[in-house]
Amino acid sequence: MAKAVFRCVECSEDAVELHRDYSNGILKITICESCKKPVDKYIEYDPVIILIDAILCKTQAFRHILFNTTLNIHWKLCVFCLLCEAYLRWSQLHVSEPSNSDPSDIIRYTKEWNFYAMFGLATLELCVFCAGVLCLLWLSGRLRCRGAETARLLRALMLSSYGKVLLVPAVIWEHDHSPLCFTLIKLFVLTSNSQAIRVILNCSRRLSLLAVCVGLLCETGLAQAFQKVPWSLQDTLALH
């Protein structure tokens with residue numbers, strides 16, 4: 001018996017293949033034995049339609065992306081999202097500082113190192129968020145101690161955080177409603193994370209939302225702990 005490597009986007013049952021290739025280039029979409037629907041209707045869809053459905057957090061689109069594709073850009077996407085978040089924090093840090101026209105090299109280097117510090121903090125917060133999610137799911141019994149399942153869940157969390165790329169245009173085209181935009185972007189990312197957890201573990205919406213809330217609580221606690229750290233060298237020198 002062939003090993004199941006795909007999932008039906010409608011009922012999440014295992015499937016051996018998405019389509020069958022006959023002679024003369026004729027393809028026939030495989031029908032799920034459980035729900036009697038096409039295993040993956042998205043293989044015929046344009047990528048733009050798939051992206052729109054993913055933005056709308058449709059379960060079928062998430063199953064197609066997470067189970068039936070070979071996207072290996074999660075690490076690159078994760079680093080890019082962290083850079084976007086670090087740039088947002090770095091820009092807010094220097095907006096809050098008094099203007100300084102001193103062209104000294106130490107001031108320029110300080111601003112550069114502040115960006116690296118924001119990137120490190122964003123990375124640490126992401127790790128704490130993922131750890132909180134994994135711990136809650138493990139304690140609930142939905143996440144078994146298997147490397148493959150944990151790796152798949154982490155990949156899903158990284159891919160579902162793609163909404164963070166919207167932080168850059170929100171910073172570039174800054175206006176009076178920017179704080180509201182940042183809040184909505186954060187809410188969208190958390191909603192996508194919750195949907196990704198639900199799809200990977202085939203769990204209830206309540207459990208996936210609870211896992212995201214626990215992860216967010218851990219992340220917020222870490223952010224509060226670092227809130228009083230003087231990231232700017234000017235502030236550090238002023239303390240002395």
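R20 is partly exposed, with a relative accessible area of 43%; partly exposed lies between buried (under 20% relative accessible area) and exposed (over 50%), with a 1.4 Å probe and protein chains only. Its side chain meets that of E17 in a salt bridge, at 2.7 Å from N to O. A salt bridge here is a side-chain nitrogen of Lys or Arg within 4 Å of a carboxyl oxygen of Asp or Glu. E17 also counts as partly exposed, at 23% relative accessibility.

The model is predicted: local features need pLDDT of at least 70, side-chain atom pairs count only at pLDDT 80 or more, and totals for chains, interfaces and linings use all residues. Residues are numbered from 1 along each chain as its sequence is written, and side-chain values use heavy atoms, leaving out hydrogens and water.

**The chain as a whole**

- The chain has nine helices and four strands. These are DSSP runs, numbered from the N terminus: helices are H or I with at least four residues, strands are E with at least two.
- Along the sequence the pattern is β-β-β-β-α-α-α-α-α-α-α-α-α.
- The chain holds 240 residues, and 38% of them count as buried.
- Its accessible surface comes to about 14500 Å². Carbon and sulfur atoms account for 64% of that surface. Accessible areas come from the Shrake-Rupley method with a 1.4 Å probe; for residues, only the protein chains shown count as cover.
- Take the contacts between residues at least 6 apart in sequence: 65% of them join residues at least 24 apart. Contact means heavy atoms within 4.5 Å.

**Salt bridges**

- How many salt bridges does the rule give? The count comes to eight.
- E85 forms one of them with K164, and the closest N and O atoms are 3.3 Å apart. E85 lies in helix α3 (residues 74–95) and K164 in the loop between α5 and α6 (167–172), so the pair ties together parts that are 79 residues apart in sequence.
- Are these two partners buried or exposed? E85 counts as buried at 9% relative accessibility. K164 is buried too, with a relative accessible area of 12%.
- E85 and K164 belong to a network of salt bridges with R89 and E125.
- E219 and K186 also meet through their side chains in a salt bridge, 3.1 Å from N to O. This pair links distant parts of the chain: E219 sits in helix α8 and K186 in helix α7, 33 residues apart.
- E219 counts as buried at 10% relative accessibility, whereas K186 is partly exposed, with a relative accessible area of 29%.

**Helices α1 and α2**

- Two packed helices are described by the angle between their axes and the distance between the axes.
- For α1 and α2 the angle is about 115°, and the axes are 8 Å apart. Axes are lines fitted to C-alpha atoms, for helices over the stretch in contact, and angles run from 0 to 180 degrees between N-to-C directions.
- Which residues meet? I50, D53 and A54 in α1 meet A61, F62, H64 and I65 in α2.
- Eight of the nine residues of α2 are buried, so this helix is largely enclosed by the rest of the structure. Among them are F62, I65 and F67.
- The buried residues of α2 pack against β1 (6–7), α1, α5 (147–159) and α7 (178–201).

**A nonpolar patch on the surface**

- Y45, V48, I49, I52 and L56 form a nonpolar patch, with about 450 Å² of accessible area together. Patches are made of residues with over 30% relative accessible area and no salt bridge: like charges are joined within 9 Å, nonpolar side chains (Val, Leu, Ile, Met, Phe, Trp, Tyr) within 5 Å.
- L56 is found in the loop between α1 (47–55) and α2 (59–67). At 55% relative accessibility, L56 counts as exposed.

- L159 lies in helix α5 and is buried, with a relative accessible area of 11%.
- Leaving aside neighbours within four places in sequence, L159 is in contact with L66, I73, H74 and L77.
- L159 and A196 are 37 residues apart in sequence and 8.7 Å apart in space, C-alpha to C-alpha.
- C213 has its place in helix α8 (residues 205–225). At 48% relative accessibility, C213 counts as partly exposed.
- From C213 to F129 is 84 residues in sequence, with 9.3 Å between their C-alpha atoms.
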